[in-house]
Amino acid sequence: MKTAKAALFMGANKAFEIREFPVVEPKAGQARMRLIASGVCGTDVHFHNGKLGIEPPKIIGHEFVGRVDAISEADAKKYGISEGDAVISDIACPCGECVLCKAGDDANCVNMAVTNGGNPEEAPHFHGGYGEYSFAPVENLIKLPQDVDPVAAAVCACPGPTAIHGFALAEKANCHVENAKVAVVQGFGPVANFATIYLSKMGIKNIVVISARPFDEKKETLAKEMGATHTVSLLGDGEEKIAELIREISGGLGADVVFEGSGSPKAIPLAMEILRNRGVYIVPGQYSASGGIEIQPQVITFKALQILGSSQYTFCDVEAYVEFLRKNPDVQKMLVAMATGYKVEEADKAFADAKARKNIKTVFMAE
């Protein structure tokens, strides 16, 4: 029987175990996919750092883009997905029955299950993203149009929908981000970068990107291509100079919207300082137990800040992400430029480089 490789997560700060498993046929309701590209999410790094809990062994990873190579005729007909199609595998399995699901908010389902939680010792073995194959419910697959590069789609398969969902929550809260004159993005990772691109496509005039470290020439160029009008760093410029810049370009008011994509708790007080009265703070980036930070809560009151947490995304956000890529081929090129590729068997090196911040986006690729 044919076999394929997968990288097994064995616990916090432990080496990945590279194993070969048989490539079996999918059950009814499932599809089997060959790896095209699968991203390393910050969440996966948090697992490996011990900042989020998950029981090993597991094939982690939830940004899998693959090509369907086995699916039943009945499922192909029901879902409009056929062998040879490139697809994104959506990790989320909301229950559909809880109060949030019934209210149309299945991204925050209180009984959320995931597609990559299976035991790799049991067939079909390849449950997550760090394998040369993956199996998933057909209902969780989003077909990629011919004019969407699968590698580009993989680069922000989670960050893109995450950002889109955050902006959608702002819209639901009657916070019209598209009307902002000054937007700030905290961070220069995939979630923050996609947010920069998205804000730029809204037509926002001033977009300030804040990185922890000074921008080198390559990152500076990429930031400007993504739509940043100003790039500053905490280490190079400092909070005082950054706040002064925001005041200058906003006529003294402060930023209309800040998007938190850095994952650093230290980002929170700075955002509260630079936001204007009634400013909007979208916070999807704090996705790990990275410690606390002191804030001045009266700032929330005095400025009447609108702070929106956003932790998950839903199937329709992935569809919106794919459609956004289809309509913006220039964005696809930017995303590909963010990626550094590794083989599945290079998982330890991939994670070491991701932790050392050598890459903007770390991606497992078939070739």
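On a 1 Å grid over the protein atoms alone, a cavity is a set of points where a 1.4 Å probe fits but cannot get out, and its lining residues have an atom within 4 Å of a point. This is a predicted model, in which local features need pLDDT of at least 70, side-chain atom pairs count only at pLDDT 80 or more, and totals for chains, interfaces and linings use all residues. Residues are numbered from 1 along each chain as its sequence is written, and side-chain values use heavy atoms, without hydrogens and water.

**First stop: the cavity**

Select Gly61, His62, Phe64, Ser89, Ile91, Thr115, Asn116, His127, Gly128, Gly129 and Ser134, which line the largest cavity. This lining has two nonpolar, nine polar and no charged residues (Ala, Val, Leu, Ile, Met, Phe, Trp, Tyr, Cys and Pro count as nonpolar, Asp, Glu, Lys and Arg as charged, the others, Gly among them, as polar).

**Second stop: two helices**

Next, select α5 (residues 159–172) and α6 (residues 190–201); helices here are DSSP runs of H or I with at least four residues, numbered from the N terminus. Their axes come within 8 Å and cross at roughly 55 degrees, with axes fitted to C-alpha atoms over the stretch in contact and angles running from 0 to 180 degrees between N-to-C directions.

Now show the side chains where the helices meet. Pro159, Gly160, Thr162, Ala163, Ile164 and Phe167 in α5 are in contact with Pro190, Val191, Phe194, Ala195, Tyr198 and Leu199 in α6 (contact means heavy atoms within 4.5 Å). Ten residues of this contact are nonpolar, two are polar and none is charged.

Note on methods. 1 Å grid on protein atoms, 1.4 Å probe; cavity = no way out; pocket = protein on both sides within 12 Å on 5 of 7 lines; lining within 4 Å.
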